[in-house]
Amino acid sequence: MPRPPRLSPDAVTAALAGLPLWSGDAGGLRRSVELPSFRDAVAAIVAIADVAEELDHHPDVDLRWRTLHLVLVSQSEGGVTELDLQLARRIDALLPG
Ligand SMILES: C[C@H](O)[C@H](O)[C@H]1CNC2=NC(N)=NC(=O)C2=N1
């Protein structure tokens, strides 16, 4: 399936204004979140995995005890695309703010 094109740095900055829990730049979107327990963090990863499979778009995930570090980037496009923004919004709907 064709992937949307990489967004310009200005477009990524503008999009980040609407995603207050995310930081980053044209190279990737980042969010960290601390869950109540290690098991809760693992369950959050499984819920994110369901969304990632649905979108066929997959986050980089780093789990340190109960803190999850997520990076969203479209490897095939070498930067952030609309798919990363869509995945970020879907992840925000799953995780505690
Ligand atoms: C064939 C399949 O669509 C591709 O390998 C997808 C899978 N998930 C992906 N996820 C991300 N984050 N970047 C990609 O380029 C990507 N490519």
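In this predicted model, helix 2 passes helix 3 in a right-handed crossing. The contact draws on Ala44, Ala47, Ile48, Val51, Ala52 and Leu55 from helix 2, which meet Leu83, Gln86, Leu87, Arg90, Ile91 and Leu94 from helix 3. Sorted by class, the residues of this contact are 10 nonpolar, 1 polar and 1 charged. As for geometry, the axes of helix 2, spanning residues 38–55, and helix 3, spanning residues 82–94, come within 10 Å and cross at roughly 145°.

Although arginine 90 and leucine 55 are 35 residues apart along the chain, their C-alpha atoms are separated by 9.9 Å.

Helix 3 itself has 13 residues, and from its first C-alpha to its last it reaches 19 Å, which is close to the 18 Å expected at 1.5 Å a residue. Its buried residues are Asp84, Leu85, Leu87, Ala88 and Ile91; because these cover an arc of only 160° around the axis, they lie on the same side of helix 3. The face turned away from that buried side carries the exposed residues Arg89 and Ala93.

The table lists elements that are included in what covers the buried residues of helix 3.

| Element | Residues |
|---|---|
| Helix 1 | 9–17 |
| Strand 2 | 28–34 |
| Helix 2 | 38–55 |
| Strand 4 | 67–72 |

Definitions and conventions: Residues are numbered from 1 along each chain as its sequence is written. This is a predicted model: local features need pLDDT of at least 70, side-chain atom pairs count only at pLDDT 80 or more; totals for chains, interfaces and linings use all residues. Axes are lines fitted to C-alpha atoms, for helices over the stretch in contact, and angles run from 0 to 180 degrees between N-to-C directions. Helices (H or I, at least four residues) and strands (E, at least two) are DSSP runs, numbered from the N terminus. A crossing is left-handed if the near helix is turned anticlockwise from the far one by less than a right angle, and right-handed if clockwise. Two residues are in contact if their C-beta atoms, placed from the backbone, lie within 7 Å. Ala, Val, Leu, Ile, Met, Phe, Trp, Tyr, Cys and Pro count as nonpolar, Asp, Glu, Lys and Arg as charged, and the others, Gly among them, as polar. The expected span of a helix is 1.5 Å times one less than its number of residues. A residue is buried if 20 or more other C-beta atoms lie within 10 Å of its own, exposed if 12 or fewer, and partly exposed in between; C-beta atoms are placed from the backbone. The arc is that of the directions from the helix axis to the C-beta atoms.
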